[in-house]
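Welcome, and please get your viewer ready. We will go from one selection to the next, with a short note at each stop.

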Amino acid sequence: MPAPPQRVIDRYFSSNGDGDISLKQWLLRSEKEYLRDLLIKHKGGISLAAKEAKVDNKTLYRKMRRHGLHKEGFKDLG
């Protein structure tokens with residue numbers, strides 16, 4: 001399960017206290033980590049990951065492509 005928002009914020013400030021990244025960069029990094037965690041949990045299963053993220057499969061594939069994530073890389077994880 002993805003971390004609650006406060007834990008995400010706390011982790012961000014503990015690892016990058018200088019705040020030298022933009023909101024857009026932080027959001028992209030957070031989205032990639034969230035998707036990566038879902039794909040690990042579901043062993044690359046697109047339908048299950050998309051359902052948990054509350055997006056359709058096409059949206060999940062688009063976001064994965066944006067972040068360079070490939071479902072095959074998650075099949076043996078989890």
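Before the first stop, a term: a polar contact here is a pair of N or O atoms within 3.5 Å, where one must be able to donate a hydrogen and the other to accept it. Keep in mind that this is a predicted model.

Start by selecting His42, in the loop between α2 and α3. Show the side chain of Glu52 too: the side chain of His42 makes a polar contact with it, at 2.8 Å. Is His42 buried or exposed? With a relative accessibility of 18%, His42 counts as buried, because the cut-off for buried is under 20%. Beyond its neighbours within four places in sequence, His42 is in contact with Leu48 and Ala49 as well as Glu52.

Next, select α3 itself. Colour Ile46, Ala49, Ala50 and Ala53, the buried residues of this helix. Look down the axis of α3: these buried residues fall within an arc of 100°, so they line one face of the helix. They pack against α2 and α4. Now turn to the face pointing away from the buried side, where you will find the exposed residues Leu48 and Lys51. Just after α3, stop at Lys54, which takes a positive phi of about 60°.

Now widen the selection to the largest nonpolar core, which has 11 residues, among them Leu35, Leu60, Met64 and Phe74. Two or more residues each come from α2 (23-41), α3 (46-53) and α4 (57-67), and α3 gives the most, with 4 residues.

Finish on Phe74. Leaving out residues up to four places away in sequence, Phe74 touches Arg36, Leu39, Ile40, Lys43, Gly44 and Leu69.

Terms used. Residues numbered from 1 in each chain as written. Predicted model: local features only at pLDDT ≥ 70, side-chain atom pairs only at ≥ 80, totals over all residues. Heavy atoms only, no water. Core = buried A, V, L, I, M, F, W, Y, C linked by side-chain atoms within 4.5 Å. Buried < 20%, exposed > 50% of the residue type's maximum accessible area, 1.4 Å probe, protein only. Contact = heavy atoms within 4.5 Å. Arc of directions from axis to C-beta.
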